[in-house]
Every structure is written in structure tokens, then in C-alpha cells.
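Welcome! Take a moment to look at the sequence and the fold below, and then let's walk through some of the features together.

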Amino acid sequence: MLPAKGTAALSGARGCDDQRLRRGARGATTHPQPPATTSHPLHAAIIGGGPGGLYTAALLKRLAPDRQVTVWERNAPDDTFGFGVVLSDETLGGIEHADPVVHAALKQDFVRWDDIDIVHRGTRHTSSGHRFAALGRRRLLEILHERCRALGVELRFRTEAPDPARLTETYDLVVAADGVHSTTRETCRDVFRPRVTGHRCRYIWLAADFAFDAFRFEIAETEHGVMQLHGYPYAADASTVIVEMREEVWRAAGFDELDEPESTARCAKIFADALGGRPLRSNKSAWTTFRTVVNERWSHGNLVLLGDAAHTAHFSIGSGTKLAVEDALALAACLEEQPSLAQALAAYEQERRPVVASTQRAARASLEWFEDLPRYLDQPPRQFAFNLLTRSRRVTHDNLRLRDVRFTGSVEREFGCPPGTPPMFTPFRLRGLTLRNRVVVSPMDMYSATDGLPGDFHLVHLGARALGGAGLVMTEMVCVSEEGRITPGCTGLYTGRQAEAWKRVTDFVHARAPGTAIGVQLGHSGRKGSTRLMWEGMDEPLPDGNWPLVAASALPYRTGSQTPRELSRARLTDLREQFAGAAARAARAGFDLLELHCAHGYLLSGFLSPLTNHRTDAYGGSLEKRLRFPLEVFDAVRGVWPGERPMTVRISATDWAEGGTSAEDAVEIARAFAAHGADAIDVSTGQVVAEERPEFGRSYQTPFADRVRHEAGVPVIAVGAISSWDDVNSLILAGRADLCALARPHLYDPHWTLHAAAEQGYDGPGAVWPAPYRAGSRRPVTGRTDAPRPRLTLRTPPQDV
């Protein structure tokens, strides 16, 4: 029997089963909207008896003892899949505050350890200070079962939950915690709009009847390909063991033809050293591929998704149960804090969505690192270990150094850091130019020129950044012709007068900021030209005074943009000469490095992308043909650019749009430019088509640089939301980049590099303060710091308690 709703019933909320939805006046299916107000739910239904569902039930009942809470679980109470569960101190702290009884029970059973072992090619590297806590999944469920029963939650095992439509008609609140394969979510696809992404590795959950003494990663290079083991203890005599490998390796090794016992025995044999020759055991274990679940919405009416039903994050960062428990804590808190159910569910999603998105970005980075593990096998041993530990970008150089200074110091020494020198302050050589550190002030359009002439603003802007300590300061995109400008405020190098103006800037940098190099980025706007200044309407056409545009193909950038003319063979020759002429002027102006702009949808980028190059001649079609004109321009520029000075090329490694440039294409593009003499590739992404859908996040473009560096074998400059010196150190030391270009941080703080040195206590040749600024090389003291510190704490006598 299902209970009737109490006085708190949601009169307007219904489920998502198409057969039960009411029809509108014209017969169209309509979904109810949650009512504007309601009191706290008195009847709650939980679909799914995993940790997330059970903990939600316990919290809801504990917060309102008169609330009726029912949990449906299709399996028996002692059925469980997988073996151990890892929880962070942060999650445990939340549990302790919300329910000390559960926390106390968990605490009795937790196995704790600090070390991570990475075993590769017979060598083990250990990093300490990581603070893990784990227990058996079955024991976790037992604790939550006991707590639910003690609180009066009704647990219905071996029972399929009624369909969501029926539950939402009968209960005030329905929580779908039915896992990655959520029936509820699939029943309501048109409401939640899920996006489920499969990945390239197969994995299997197994267990060993002994406890590893650390979280262990072990790499096996077999005749079929690379396999990896993830292992950790969850009891005094048991460990979880996950074996993972690429799909093609799995098939080549014959695992697709083995049953469960055979697969288990085969994995034990492959990783016999890690297991000490002991066997593995399974528990309804099957090879599977990880599925990343993202939903556009998490709730509808009185139905809400929780845990894996709402989102998943790869097991390599140990996040599934953690996220579900944190969801439960947030949902229960929002139900208490908000005046209506609609507001509570909105607040729950608003609170949890950014946290989950951040975790999913980290998990995706970790997942892809393991998918691409063969890329890193030949790294120096300690760098490989450091790369693995920092793969998700959540563990960084700085917090790893705080956890284990011995391990991090050994990685730095192997990398070649002099004593006391952070990785970012090691030098780097490009052709005849040695940069004193790895920081680049990224090209940033200032839109502040008149007739293409850089003026006082550019002198101050670039001069200030040069004084700020970066190894290399780049100009904005400097245009090779008047019609090649993006806006009327863009600088150029198409006249001798402009070259003289730029020489004023380079002379200042060389004289007043010795040791800092200055580079010029040459480009042509292509179809993205003749637009307003950024702050007047980015990419918006000029209201008047427009000039004609040219591009690889006659395609406007977006609706309302000017349609460019497709370049003829003759015009291609003219443009090639314009680039060469600008490069010769740049050399005379005294620039130390030249970068050719082949990214962001500008002219040369327009030839590279299949979305913007629809030509049918020798300059369109295959990637080899799309590369032809950009390489011709590169050769023309390299021919006039002094031989001892380096050249780099900026590319968009993905268009963030279906059918556009892929990461595989980016590697081939980088190889082509390197073969023609490029000294480094500046790896950016996107801005090629207006309909792009970037996956923004911290350091979100750096995986593309990482891939180009390792697969094309060419030095790279990483860009894209790199905002801290810790990020720079991490990327450099892990071998994912050779240089890091930062834009907005240098707008916020022109002396970003010098301040990074001061904050790390570094005072060496990689970051030299200009003599007039040396007195400011320490952070000014603010506020009173001489107050006496407390010396004694008196305890209250027992009789006064």
C-alpha cells in the first residue's frame, strides 16, 4: 500500500511516465510545474538503497521524526557490488556534524593510511601525507541499515519501486538514488535531459584477501598493451583491486572471451608481483566501461535525482560514494532551510551543481590520463610518478610539497631544478634565445592603436609586464595589413612608421628589463575583421566605415556578420608577401621571437579548420591540403626572420564543435609546422566558429598542449585559465608543458611573476627585481602583528560543568 499524501501534499506535481501524464487541450504531453509554495514534505520515497539513498533517508527521518520515509531496494540487504569505499576527511566532517551516530560507527571500521605507491618498470616511488580512509561497502551499508531502522525508516528490500509517476502522485518528495543506470532518469529523459558519455577503457572490480600498505598504482606493459592496477585496503585483511586497460588491449589479451573466474585468475597472474602471488576474488564482477552522466536538470516537481543517477565521476579519484553522501547532506539541509519544496530543490541543485561540475572536470582529466597512459611511459621515473599524482589537477606541486617534501624534492632534482628553485624559474632555450623562466605574458588585444600605430599605452602596458619578471612578453596580434585588422584599434606592422613605434617598445624592454624577451604575434583577421572594439560589442560589425573581408571560404562568422570573399590564388600570393614584409619589419624593430597566429578563426586558422575551409582547390579538402597555405606563409616568414631567433605557431587544437578540428588533427598540424622549423607550438583552442561549446574550467586547454608535446615531440606553450604559480609549477614539473602563457592574471597584476617568486621565497636569476623596485620585493606588513599570544588555557573544573 502506498500512503496518502499528508497536508503537505504537492497538489500539482506528477511523475514523468508518458502513459500517466495528463494531456493538454490539444492532446500534447505536458509536464506539471512545481507549485509556488508548500511546507516541508511529510512523506518521502527513496528509490535505491545504496549509500546515497540510505543516508538521505536517515537524515530526513532524523531531522523530522514524524516524517514517513520509505526506501525501495531491488536487491537483498547483503547484496553489494564492488568492495571498498573511500571517503575524504571533508565528507567525514560533514557526516560527523549531521549525524554523530553514523560517524562514530564508521570511525570504528575505517582503515586509514597516508601513502601512495606508484610502481612502474620495476621501480616503486612512494608519496606520503595523503590521508585516506576506507571501509568495506557491505559494512557501510550495514551501518546505514542499522541507522535507518533505529530511526524508523521503512526499508523494502527485494522490491522494485513503483513507477515514478505513481510515487510522485502519492508522496510529497521522491528521491531517485537508483544509480548510474537509473530507471527513473531514463523514464524522465525528456525532463532531466541526461547526457551519458562512454569512454575508452574496460575495467573490473576485484578484491584481494590481504591489505595493501598504501594506495597502489601499478603499470604492466604486456605484449598486448598497457594495463594498470588501482589497489587500496578497505579492511585489515582485504583490498579493492581494479584492473583497467584500453578496449583494444582488452580484446587483444582475449578478456572478451573469458568468463568471470577466468578473468579473475588472469588478472592475478598479470599483477602477481603486486599481489605477492596471491589470488584475487570476484563478486558478480564484470568488465565494463565507465559512463559519465550529466543531467541538464536534477529535479522536476517533487522528484529529484541524487548521486550516480544525477552525475558520475570516474573511480580513479574515488568520488562516487563521496558525491552521493554530500548530495544527501545538501538536500537534507536545503529542505530544512528553505520555506518551500520548490525552493529547497532549486537551492540543492544550485549548491551542488558547481561542486559536482568541478569534480567531474577533475575526474575527466584523471580518466583521460589513464586512457592515454602509454603516452607517458618513457618519462623519467620520478616525473612519471609526479605526473600520475597530479593528473586530475586537484593535487598540485604546492600541496604535494606540503604533504611530502622529500618526494617532491626528488622530482625537482631529477627535473634539474637548482636547490631552492621552483620549476617555473628554471630557464628554457628556444633556438638562440634562452628564457630565464617559464612564464609568458600571453598575447592580449588591447584595441588601443590609431592607424595601426602602437603608442604610449602599448609602451606602458608591455613595459610594465616586462618589468614584472616574465621570461617572455608577447604583443597582441599585430596585423600584417590594414584590411587584416580585427578592429580599428588593432596594431599593425604594415608600414615603416609602425615598425619604428614598435622599436620604441622593444628598446625599452631590452634596456629597462634586461633578461626579459619580447615577442611579436603576427596575424590577419580574415572573416573576423572589421568589427567594433571589444567593449563596444565583441565580434559585432562596425556601424559604419567597414572594410571588405577575405577568408579561405565565403562564410560569415555568424548571423549578421559580413560575408568575406574567398581568396583567389593571386590574393594568396599577396597575403604571403604581406606576412613576410611584416616579419622583416618585426626583425628590424628588435623583437626576440615571432609567433604566427594560426588560431581563433582568423585568416590562417580559417584554412586549417574543415568548418571554415570549404575550398575545392589545392588549398582545401584533406588536412594536408588545408595546411598548405599556412605552411607557405610560415616558410615565407621563416625565410626573412633571423635564423638565430625562434618562431612559434599558435593553433586552435579543437574547434569545440562537431566536425571541426580534432585533437588528432592538432597533433598532425603541430608536426607539420615543426617539420618546417617551428621551435614551439602555442596550443590554444576554439574561437573558430560562433556555435562552439567549450568545456571551460581551470587549465581546461592544457590537456591539448600535453598531447601535442608528447605525440608530436615538439615544445609547447600551454594556455587557458592557468591562474596560479602553483598551476605553472605543476604543469612544468609533470612534463605537460614547457612554457605557460597567462593573460588575465597579468592584467590583474603586472608584477605577477615577481610576486610569485616572493610568495615562494625564491630570489634567484629566474626572477630579478628591477633595481628601482627592489625595496618592494617583500609583501608590505598590514595590521598589528605584535599583540601578545595566549599562553595559558584554563580548564573548567569538573564540578562547574
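Here is a short tour of helices, strands, salt bridges and surface features.

This is a predicted model, where local features need pLDDT of at least 70 and side-chain atom pairs count only at pLDDT 80 or more, while totals for chains, interfaces and linings use all residues. Residues are numbered from 1 along each chain as its sequence is written, and side-chain values use heavy atoms, leaving out hydrogens and water.

**Two helices**

- Helices (H or I, at least four residues) and strands (E, at least two) are DSSP runs, numbered from the N terminus.
- Helix H1 covers residues 51-63, and its end C-alpha atoms are 18 Å apart, in agreement with the 18 Å that its 13 residues should span at 1.5 Å a residue. The expected span of a helix is 1.5 Å times one less than its number of residues.
- Eleven of the 13 residues of H1 are buried, so this helix is largely enclosed by the rest of the structure. Buried means under 20% relative accessible area, exposed means over 50%, and partly exposed is in between (1.4 Å probe, protein chains only).
- Among the buried residues of H1 are Pro51, Tyr55 and Lys61.
- Helix H12 (residues 341-371) has 31 residues and reaches 42 Å from its first C-alpha to its last, close to the expected 45 Å.
- At Arg352, H12 bends by about 30°, and the proline Pro354 follows within four residues. The bend at a residue is the angle between axes fitted to the seven residues ending there and the seven starting there.

**Strands and their partners**

- Two strands pair if DSSP finds at least two bridges between them.
- An open sheet of six strands has mixed pairing and the order E8-E2-E1-E9-E17-E16. Strand E8 (154-157) and strand E16 (299-300) stand at its edges with a single partner strand each, so one side of each is left without a neighbour in the sheet.
- Within that order you can find strand E1 (residues 43-47) and strand E2 (residues 68-73), which pair in the parallel sense over five bridges. The bridge partner of Ile46 in E2 is Val71.
- Is strand E5 (residues 116-120) mostly covered or mostly uncovered? E5 is mostly covered, with five of its five residues buried.
- Ile116, Ile118 and His120 lie on one side of E5, Asp117 and Val119 on the other, and all are buried.
- E5 has an antiparallel partner in strand E6 (residues 123-127), joined to it by five bridges. Asp117 has Thr126 as its bridge partner in E6.
- Two residues lie between the strands in the hairpin of E5 and E6, where Arg121 takes a positive phi near 50°.
- E5 also pairs with strand E11 (residues 215-222), in the parallel sense and over four bridges. Here Val119 stands opposite Glu218.
- Strand E27 (residues 680-684) is largely enclosed by the rest of the structure, because five of its five residues are buried.
- Strand E26 (residues 647-652) pairs with E27 in the parallel sense over five bridges, and Ser652 stands opposite Ser684.

**Salt bridges**

- How many salt bridges does the structure hold? The structure holds 48 salt bridges. A salt bridge is a side-chain nitrogen of Lys or Arg within 4 Å of a carboxyl oxygen of Asp or Glu.
- Asp109 forms a salt bridge with Arg139, with the closest N and O atoms 3.1 Å apart. This pair links distant parts of the chain, since Asp109 is in helix H3 (residues 100-109) and Arg139 is in helix H4 (residues 137-151), 30 residues apart.
- Arg431 and Asp679 meet through their side chains in a salt bridge of 3.0 Å, N to O. Arg431 lies in the loop between strand E18 (428-430) and strand E19 (433-435), and Asp679 in the loop between helix H23 (663-675) and E27, so the pair ties together parts that are 248 residues apart in sequence.
- Arg431 is partly exposed at 34% relative accessible area, whereas Asp679 is buried at 14%.

**At the surface**

- Met534, Trp535 and Met538 make a nonpolar surface patch of about 350 Å². Patches are made of residues with over 30% relative accessible area and no salt bridge, with like charges joined within 9 Å and nonpolar side chains (Val, Leu, Ile, Met, Phe, Trp, Tyr) within 5 Å. Accessible areas come from the Shrake-Rupley method with a 1.4 Å probe, and for residues only the protein chains shown count as cover.
- Met538 is in the loop between helix H18 (534-537) and strand E23 (550-551), and is partly exposed, with a relative accessible area of 47%.
- Pro543 is found in the loop between H18 and E23 and counts as exposed at 63% relative accessibility.
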